[in-house]
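Reader: Please walk me through this protein, starting with its inside and then its surface.

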Amino acid sequence: MNQDLLSGGSSSRRSRGSGGQAVRGNASSTARAPQQAAEEGDEDEHMNRVVEEEEQLQQRPEASQVEGERGQPWAPSESGASNGPQGDEEGEEGPTNEVNGGEKGARWMWGAEQRRLQGQALGEEEEEEEEEEENNNSSSHQEEEEVEERTEGGEEQGRGKEEREEGEEDEEEDEDEEEMDQDSDDFEHSVESGREEEEEEEGEEGLRSPSLRNNVSAPNNNLDLGCTHQSSSNNKMKRKLDHGPEVRSFPSGKKPCKGPEYPSPTGIVPCPATPTTFGHIRTANGQGQQRRRITSIQPPTGLQEWLRTFQSWTGPEKLLALDELIDSCEPTQVKHMMQVIEPQFQRDFISLLPKELALYVLSFLEPKDLLQAAQTCRYWRILAEDNLLWREKCREEGIDEPLPLKKRKIVKPGFTHSPWKSAYIRQHRIDTNWRRGDLKSPKVLKGHDDHVITCLQFCGNRIVSGSDDNTLKVWSAITGKCLRTLVGHTGGVWSSQMRDNIIISGSTDRTLKVWNAETGECIHTLYGHTSTVRCMHLHEKRVVSGSRDATLRVWDIETGQCLHVLMGHVAAVRCVQYDGRRVVSGAYDFMVKVWDPETETCLHTLQGHTNRVYSLQFDGIHVVSGSLDTSIRVWDVETGNCIHTLTGHQSLTSGMELKDNILVSGNADSTVKIWDIKTGQCLQTLQGPHKHQSAVTCLQFNKNFVITSSDDGTVKLWDLKTGEFIRNLVTLESGGSGGVVWRIRASNTKLVCAVGSRNGTEETKLLVLDFDVDMK
């Protein structure tokens, strides 16, 4: 507790008359009081300017409510009373104080108080004070009634106006809170499961309660009226937003007092019209009725006399008594005092800042916290809906497009819902569906009879499957219908690529074909290879193909011409990557080669593997190669040097994917590993009791998840950051007895799996799972 606060509050009760200078508990704070009061006045004026600017820029009728929520009970812009002495002249009167409703405002007589106490004897003041206390105690109820009758007429009109405004605002607040709660509830529901979800819902209820809203948003300039030097200690207090489940419930509204006296916080001693103690200030804020938490017992005998005795002491004596009292309290009693005092020291610094700075502060919050902050008060709701703020949050999560908003039934003047925020919430709901949404029955796309699906492409709403039955099929990912079958190859299709409406396929018939996905027409047949076209990579208008004839060819898919032939491997080319500038190839001759396709020269031969190279990844800087020798090597494409050798797998690395220096590798040893290619460190190994029971056939990952398929007939979902198993997305009944998931392709909202078997236990088909959400 702040000693200055207590001593200052006690001395102000002895300053009602004019006279000499008062002796305060902490005299050093006297010189700071006028300066601090002026600073508090400046803050109030600045806060009002912020509200006026919001009214002009956003033309919101709700802005008046914003000002009410963050305004002060004694606003200097209306009453002229600052949070401290207004002048040093003896007997100077302040303007009308709107708290007590009197024609003349409260006199803040700090300077007069000090001068009076120096010129008069302490004994006389104590006698006057005791006499005044007795008079107040004997006539408190009678004075209350008289004051209420005097002020009833003047306040009736104000209350009527307030009730009408509150009625209109309540309707808007109900709608706002409903929207905010929906956003926050949906967001919270996806963060934790089971018990953690229940705890988060309790946290949201706390944020929606008037108690916490008032505690966060209401500035505490009230205290400065009781003691001017309080602002210095107030600025040093640490702002506390979460008080736990035992936080005291305070009413959110501020009720005007009804005359020169009003009930004391304890209901025993009447309070003067001028708030001079902590309890008076709380009562003036409309919090007096919540003063006593224990209502089951009556005040103890002698409490009134005990309070009188305390008031009769000097400031230093009161501080000494309080120190002794605190030492004799139990921890639960001290906690009770903290819960009563701390809310009065909280300041809504966000509302006091210029909008730009407030948004900058909010930009450091996580999206979940932004949604909760929006429930604090109307002004925070406006800030937390800022479109640019949510655009940055979306960019951090890799969301590139805002979500077009549907028309709302009620459009509030000056308030715009953020399309970027809606996009973020939608993406979060989609991620939640992947993690623990109900797995609806997948669409089943039957085709290719009992043949093997050798390659799979998924782009937009089209799925293209290639098979060793010599055909490709184009499917609708929405309806699950086969749109057309591409017939023309005379051998099995073993590689394919797709972009927009163009499909390129490679076959054992030694040709490539270019197809129109819309019409099913074969645009070009590309001749040149002398053996099976085993791999290819498409970049813009060019495709590079690798063949078992040990050569690579660069083709123009618009003209069908072979532009370049790259020769240098001495065995079948198994994998190829092309970024438009460099071609990288891996072959059964244990070599990885880097080519300049324009000059048809081999720039580097990357030697180091001791067995066949089966997989490649290339990001323009690093080449990553996976081999049957169980190792993965990371190379520098410019120098040809081997940067890292990644060891840990026990068999063939059959598939890899590289994004932003994070590599995920799947292996025939049934494990999946996550690597940092900059350091060569293995970050995670996806294994444990839920690991695959057979070779990993395919994988794909994004910023949150890793999806893997296996010969064991399952598709599993893993957490990229922690490596933890999340759940099985697909489990074939024939898994373990022949059922296989050959290929997977995933978009943001859909997963396509090519499944079947080689022994007839599982029918060849495509499974399409949908994780999309409907943003109402």
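Author: Start with a term: buried means under 20% relative accessible area, exposed over 50%, and partly exposed in between (1.4 Å probe, protein chains only). This is a predicted model: local features need pLDDT of at least 70, side-chain atom pairs count only at pLDDT 80 or more, and totals for chains, interfaces and linings use all residues. Residues are numbered from 1 along each chain as its sequence is written, and side-chain values use heavy atoms, leaving out hydrogens and water.

Reader: What percentage of the residues in the protein chain is buried?

Author: The chain has 776 residues. The buried ones make up 52%.

Reader: How many residues does the largest nonpolar core have?

Author: A nonpolar core is a set of buried Ala, Val, Leu, Ile, Met, Phe, Trp, Tyr and Cys residues joined through side-chain atoms within 4.5 Å. Trp 434, Ile 707 and Leu 729 are among those with the most contacts inside the largest one. That core has 20 residues.

Reader: Which residue touches both Trp 434 and Phe 771?

Author: Contact means heavy atoms within 4.5 Å. Residues up to four places away in sequence are not counted. Leu 439, Ile 707 and Val 715 are also among the residues touched. The residue is Leu 729.

Reader: Why does Val 361 count as partly exposed?

Author: Val 361 lies in helix α15, residues 355-362. Helices (H or I, at least four residues) and strands (E, at least two) are DSSP runs, numbered from the N terminus. Val 361 counts as partly exposed because its relative accessibility is 30%.
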